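Colleague: Please put the model up, and then we can go through its rings and one of its sheets.

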Amino acid sequence: MSATPPILQSLIANRWIGSQAARALHSAVNGRPVALTHADEIDFAESLSYARGQALPALLALDFQQRAARLKALATYLLERKEGLYAISAHTGGTRSDNWIDIEGGIGTLFAYASIGRRELPSSNVMHEGPAIPLSKEGQFIGSHILVPKRGVAVHINAFNFPMWGMLEKFAPSFLAGMPCIVKPATATSFVAEACVRLIHESGLLPAGSLQLIVGGSGDLLDRLEETDVVTFTGSADTAAMLRVNKNLIARSIPFNGEADSLNCAILAPDVEVGDPEFELFVKEVAREMTAKTGQKCTAIRRAIVPARHIDAVAEALRARLAKIKVGDPAVDGVRMGALASKAQQADVAERVALLSAGNEVVFGAKDGFAPVGEGVGEGAFFAPTLLLCRDAFANEQVHNLEAFGPVSTLMPYQELDEALSLAAKGRGSLVGSVVTKTPAIAAQAVYHAAAFHGRLLVLDRDAAKESTGHGSPLPQLKHGGPGRAGGGEELGGIRSVKHYLQRCAVQGSPTMLSAITGEYQRGGRVQEDAVHPFRKYFEEIQVGDSLLTHRRTVSEADIVNFGGVSGDYFYMHFDEVAAKDTQFGQRIAHGYFVLSAAAGLFVSPAPGPVLANYGLDTLRFVNPVAIGDTIQARLTCKRRIDRGNRPDQPPQGVVAWDVQVMNQRGELVASYDILTLVAKKPA
C-alpha cells in the first residue's frame, strides 16, 4: 500500500500552516501523487502585519552590506543541500540539466547578488545616486538623488516552470533592498518551492518573516497592499493583464512589474550559408531551446526566421537533430528530454499545437516515432518535440499570437532582412531574440531595429559561440524582461533590480547637509582636520569628511623632462616649445599623469600603517593645465566608507573612497578624482 503523500504547508508569520489536505499534485513523469496542497485558510492580514511589524524593522536593522553577507551565507547553505532539492525536482519532469538551471541557477543568482551588493552598495541604508548637481553660483546650494528602502512588502507571484530560480531571482534583490517578501509559487510545482523555503527557514540566516510562502491561492492579498508595497509577476500575458488592473493596485498606485511569456524569435541572417559554422549554431540553438526544460521556458525560441533559400535545409537539419532526442523518464540513462510539468499543461499544449498546425506543415512531431521510455510514463505528461513550418508568416497571424508552452517551434521564411525584422516585430514585444550572423554590419542593422521590440538580444557567431550562455539563459548581470506582450517589466540586471525595490528621492540643501544625508562627502561641505594624517587611522577611526590639505609643490621643467624619461611620454605638448605655442594653451604644460603622481606624493603617508592597498581610481578629470612654474596643492577628504565585514581569507578591513582635489596657486581646480583604498580595522 503506497504511503500518503505529504501535505504542503505555507510559511506565514514565521510559522508553518497546513494540516488539512486539499488538492493532489502529481508527478509529471508517472502521474503518481507527490504532495497535497492544504485546505487551511491563510490570514493575509496577519501575514502583512507580521511582515511590516516584525520582518521590516529587523531587515532595516541590517545595512546593504550586511544583507549581502546574509545572501552569500544562504547561497552556501543551499548549495550544500542541493541533492535533496534535485530529488524533489525530479517530479517536475525535468532532466538533471533542466533542474540544474532551476536549482543551481537559483543559488548562483543568490551568490551573484551577494557579490553585487558587496561591490556596489554602501554600508548603510541610503544609496546616493550622484553626482551632486550645483544649483547656485557660490556652490552652497546643491541637489542630488538618494535611494532608500520603500518600507513596504514585496509580493512575488511566480510561474510553474522554474519554482526555485523564479523565486530566488526575485527574492535576492528585494532582500538586498530591505523588503520582506511574500512568495506565491504556481501550485503545480509548489512542492519544489516549499522544499527550498523549508531549508531557508531552517538555516536561521534571515530575520524572521523576511520570506513568507503561500501554497495555494493568494485570496485577498492584493486587496490589502499599501502604497509602499510592490508586486512582481511571472506567467502568462493573460494573467498579467488580469492582475495589473486590480482595483487596489490602481487606486494606491502600487508598482506592478510583469514578466510574461512571449513569442521569442531567432533570425538566421541572409549572409549565412549552409555549411557555415553559424548555420550549425542556429540549428543547434533552436533544437536546444525546443527541448531544454521540455520547451517550458519563457525565453524559448517559438519562431525560427530563416532565409527562404535555406528553409528546407534548416527543416531537414532540425528534423535530424530532433529525431536523436530520447524522451522519457529522466532517471533512464540517455534521456535528454523529460515531461511537461502536468497533465493540464500537456492538454493545453496539445490544444494549441492543433490550432497552430491549421494551414501549416508539421515537419516533425508525434508521428515521427514518439515513444517515451520508462516505467509508468503512460501516465506522465510527455509531449513530442514538434516543429511546424509556416510558408507565409505575413498572412498567418496565429503563429505570432498563439504560444504553445512546450517543445514547439515554428519555422518561417523571409526574402530580405527587412522582412525578417518585420516578422520579429509581429510578436508585439518579446523577452529575447537572437540574430545569427557572421557580418558585423548586419548585426548592427538588425539590433538597431529589433531592440525596440525585445528586452534582450543575442548576437551569435562562431567567436561568441565558444563562451555564449545561449539564447534562453537570463543572467543576473543583465536585464530580464521585455516590452509589450512580454509584460513591459524588468527583472535582474544587476543593481538595476535592487533599485526597483528602493524609493528614489531628490534632495536639496547645502553641501554639508547633503554630506550627512547621503553618507558621502560633497565638495563645499564642512571638513574635519586634525593632527593625525588620515592614512594613519584605522578603518573604524576614519569619518566621512576627515580631510588633509597638503603642502605645496612648484612644477619645474626638470619635473616634466624627468617624467617624460621615466614614462616614455614625449608628447609634443610637454617638450616642443614652438608647437605648444600654437595650441589653445600657448605654452608647454605638465603631463596630466605627472600631476596625478605629484599629488600622491603630497598626500601619501609613506610609513607602514593601516592603509593596505590602493586598488582603484574613479572619475578622473584634468580640469585645467599645469604650466612650468605653477604651484600645486592637494586636498584629500574621506568621501565614503564601506564596511565589508570580516572574511576568513583576509585581514579585517573596509573600503575608503577619498575625494582628491588638486589646485594651482590661483585656487583653480586642475585635477579631480576619487581614489579607493583598503584600510585595516583595529587589531582585536
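This is a predicted model: local features need pLDDT of at least 70, side-chain atom pairs count only at pLDDT 80 or more; totals for chains, interfaces and linings use all residues.

Modeller: Residues are numbered from 1 along each chain as its sequence is written, and side-chain values use heavy atoms, with hydrogens and water left out.

Colleague: How are the rings of Phe160 and Phe405 arranged as a pair?

Modeller: Rings of Phe, Tyr and Trp (its six-membered ring) pair if their centres lie within 6.5 Å; planes under 30 degrees apart count as stacked, over 60 as edge-to-face and the rest as tilted. The count by this rule is ten aromatic pairs. For Phe160 and Phe405 the centres are 5.8 Å apart and the planes stand at 80 degrees, so the pair is edge-to-face.

Colleague: How many residues apart in sequence are the parts that this pair of Phe160 and Phe405 ties together?

Modeller: Helices (H or I, at least four residues) and strands (E, at least two) are DSSP runs, numbered from the N terminus. Phe160 lies in the loop between β7 (154-157) and α5 (165-176), and Phe405 in the loop between α12 (398-401) and β16 (408-414), so the separation of the parts in residues is 245.

Colleague: Is Phe405 buried or exposed?

Modeller: Buried means under 20% relative accessible area, exposed over 50%, and partly exposed in between (1.4 Å probe, protein chains only). Phe405 has a relative accessible area of 7%, so Phe405 counts as buried.

Colleague: Which residue forms one aromatic cluster with Phe535 and Phe603?

Modeller: The rings of Phe535 and Phe603 have centres 6.2 Å apart and planes at 80 degrees, so they are edge-to-face. Phe603 is buried, at a relative accessible area of 3%. The cluster of Phe535 and Phe603 also holds Trp658.

Colleague: Which strands stand at the edges of the open sheet of three strands?

Modeller: Two strands pair if DSSP finds at least two bridges between them. The order in this sheet is β5-β6-β21, with antiparallel pairing. Each edge strand has a single partner strand, so one side is left without a neighbour in the sheet; these strands are β5 (127-134) and β21 (502-509).
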